[in-house]
Amino acid sequence: MNDIPSLPDDYEFSADPGRVDVDRVHRWLSTDAYWALGRPREKLDRAIEGSLNFGVYDRASGDQVAYARVVTDRATFAWLCDVYVDPSVRGKGIGTAMVAAVREQLLPYGLRRLLLATHDAHGVYEKVGFTALERPEQWMVLAFE
């Protein structure tokens, strides 16, 4: 986990929640992300408010091109979610570099674990150290939806 994939030079990572383009993130998630299709804006606003938020931005235009959100107690546990890269910049390593930068942002908290769920992006997360659950039989879920 010592290798930190870097963003292409034309892009920058930010942990500043004030930079998040919430309209763009809502459009991405509610219309194109299988896990959040139809998510109401009010629900996204609450999720953003209660989370750490990260983005990748085009240096020239300032436009946001990727987003990730982390739900955490900032002591023992975190959940990485709502990771999205705009289709126009996919394939440039932006997703992998963003997740690595998020991981680095979380290190000072001394968390015991960072979890995520993905249907189709295991390869992206494996590049930055994620592995399958060692004992999935110990984990349970209470689904409200």
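This talk describes the strands, cores, aromatic pairs and salt bridges of the structure shown above.

Good morning, colleagues. The model is predicted, so local features are taken only where pLDDT is at least 70 and side-chain atom pairs only at pLDDT 80 or more, whereas totals for chains, interfaces and linings use all residues. Residues are numbered from 1 along each chain as its sequence is written, and side-chain values rest on heavy atoms, with hydrogens and water left out.

I begin with the strands. Helices (H or I, at least four residues) and strands (E, at least two) are DSSP runs, numbered from the N terminus. Two strands count as paired if DSSP finds at least two bridges between them. Strand 1 and strand 2 run antiparallel and are joined by four bridges; within this pairing, Phe13 stands opposite Val56 of strand 2. On strand 3, the antiparallel pairing with strand 2 extends over six bridges, and Phe54 has Ala68 as its bridge partner there. Strand 2 and strand 3 form a hairpin with five residues between them, and Gly62 in that turn has a positive phi of about 80 degrees.

How many residues of strand 2 are buried? The term buried means under 20% relative accessible area, exposed means over 50%, and partly exposed lies in between, with a 1.4 Å probe and protein chains only. By that criterion, seven of the seven residues of strand 2 are buried. In a regular strand, side chains alternate between the two faces of the sheet. Here Leu52, Phe54, Val56 and Asp58 point one way, Asn53, Gly55 and Tyr57 point the other way, and all are buried.

I turn to the cores. A nonpolar core is a set of buried Ala, Val, Leu, Ile, Met, Phe, Trp, Tyr and Cys residues joined through side-chain atoms within 4.5 Å. The largest has 25 residues, of which Val56, Val70, Leu80, Ile94 and Val102 touch the most other members. Strand 2, strand 3, strand 4 and helix 3 (94–106) each supply at least two residues of this core, and helix 3 gives the largest share, seven residues. Leaving aside neighbours within four places in sequence, Val102 is in contact (heavy atoms within 4.5 Å) with Phe13, Phe54, Ala68, Val70 and Leu80. A second, separate core of 12 residues includes Val25, Trp28, Ala33 and Tyr84.

In helix 1 (residues 22–32), the buried residues are Val22, Arg24, Val25, His26, Trp28, Leu29 and Ser30. They pack against helix 2 (41–49), strand 3 and strand 4.

The aromatic residues come next. Rings of Phe, Tyr and Trp (its six-membered ring) pair if their centres lie within 6.5 Å; planes under 30 degrees apart count as stacked, over 60 as edge-to-face and the rest as tilted. The count by this rule is four aromatic pairs. In one of them, the rings of Phe13 and Phe54 have centres 5.8 Å apart and planes at 15 degrees, so the pair is stacked. Phe13 lies in strand 1 and Phe54 in strand 2, so this pair ties together parts 41 residues apart in sequence. Phe13 is partly exposed at 22% relative accessibility, whereas Phe54 is buried at 3%. The rings of Tyr125 and Phe130, with centres 5.7 Å apart and planes at 80 degrees, form an edge-to-face pair.

A charge sits over a ring if NZ of Lys or CZ of Arg is within 6 Å of the ring centre and within 35 degrees of the ring normal. The charged end of Arg19 sits over the ring of Tyr57, 4.0 Å from its centre, and that of Arg90 over the ring of Tyr84, at 5.1 Å.

Finally, the salt bridges. Glu12, Arg19 and Arg59 are linked in a network of salt bridges.

Which parts does the salt bridge between Asp82 and Arg69 tie together? Their side chains meet at 2.9 Å, N to O. Asp82 lies in strand 4 and Arg69 in strand 3, so the pair ties together parts 13 residues apart in sequence. Asp82 is buried at 4% relative accessibility, and Arg69 is buried at 7%.

Notes:
A salt bridge is a side-chain nitrogen of Lys or Arg within 4 Å of a carboxyl oxygen of Asp or Glu.
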